[in-house]
Amino acid sequence: MRMRPHVNPLKSDLLEIAEVPRISARPGCAIEVELGAAEAHFLVERARDDRNALFVGIEIRHELVSATNADCARRGLDNVRCVFANMSVDLPRLFSEGSVRRFFLNFPDPWFKSRQHKRRVIGPGLVREIGRALAPGGELFVQTDIFALALDAMAALEAEATSFASTGEPWTFLRQSPYAAKSRRERQCELEGARVWRLLYRRVCG
Ligand SMILES: C[S@@+](CC[C@H](N)C(=O)[O-])C[C@H]1O[C@@H](n2cnc3c(N)ncnc32)[C@H](O)[C@@H]1O
């Protein structure tokens, strides 16, 4: 099947996706979420290490969501689920307050042209919604090979000091990923020797 490499997340039909589910897990089962999961390679690897959590990929390319869910079903990965939704507007419908243990934002689309910057997902709105959905002590991990995006994420998180605290010093990047799982783009960066900037923030109660 031919997959579109990118879609414009500001297209009107993607700002008003009709069927966005409410995500819940059985009692005692944590929820971890990758925003912009693509084929969910990262979540599949995490799911192999932790059979007791639910791993949810949010992805805006509908055909990719169907293909990834079919692939997970074929492999018997019943704790990985991808959902067709737009992370920029749908988090309130997807997740109730304090319901998520971890969010991952792995290599968000760069949208290099300045007239397309408005399509970028990182900003105060997304950070506030992630803060609402995270459980106290829950984590947000961001990684990207685009320095400007890493700085945008850090600035948005440092501006929400009553909700988020860096797990290291403020305004510092991690030296390496704290997770064994790797996303597809992360592996590609490793192959190319590209520098990756990583941030890990914890939800605090102000
Ligand atoms: C550069 S890819 C990275 C994929 C994967 N996280 C990785 O690291 O390999 C960015 C992904 O985010 C998805 N995406 C972009 N904007 C989105 C949005 N507003 N909501 C949900 N997914 C989005 C894209 O379709 C694409 O699959």
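Helices (H or I, at least four residues) and strands (E, at least two) are DSSP runs, numbered from the N terminus. With that in hand, let's start in a loop: select Arg-119, which sits between strand E4 (100–106) and helix H5 (124–133).

Before going on, two notes. This is a predicted model, where local features need pLDDT of at least 70 and side-chain atom pairs count only at pLDDT 80 or more, while totals for chains, interfaces and linings use all residues. Residues are numbered from 1 along each chain as its sequence is written, and side-chain values use heavy atoms, with hydrogens and water left out.

**Stop 1: Arg-119**

Arg-119 is buried but has no salt bridge. Buried means under 20% relative accessible area, exposed over 50%, and partly exposed in between (1.4 Å probe, protein chains only). A salt bridge is a side-chain nitrogen of Lys or Arg within 4 Å of a carboxyl oxygen of Asp or Glu. The nearest side chain of opposite charge is Asp-109, 8.7 Å away; here Lys and Arg count as positive and Asp and Glu as negative, with His and the chain ends not counted.

**Stop 2: Glu-32 and Arg-102**

Show this pair next. Glu-32 and Arg-102 form a salt bridge, with their closest N and O atoms 2.6 Å apart. Glu-32 belongs to strand E1 (residues 31–35) and Arg-102 to strand E4, so the pair links distant parts of the chain, 70 residues apart. Both Glu-32 and Arg-102 are buried.

**Stop 3: Asp-145 and Arg-185**

Another salt bridge joins the side chains of Asp-145 and Arg-185 (2.5 Å, N to O). Asp-145 is in the loop between strand E5 (134–144) and helix H6 (147–158) and Arg-185 is in helix H7 (residues 184–192), so parts 40 residues apart in sequence are tied together. Arg-185 has a relative accessible area of 28%, so it counts as partly exposed.

**Stop 4: the ligand**

Stay on Arg-185: one of its polar backbone atoms is 2.9 Å from an oxygen atom of the ligand. For the ligand's nitrogen atoms, look at the backbone of Met-87, with a polar atom at 2.9 Å, and of Ile-60, with one at 3.3 Å.

Notes
Polar contact = N/O pair within 3.5 Å; in protein donor to acceptor, adjacent residues only side chain to side chain.
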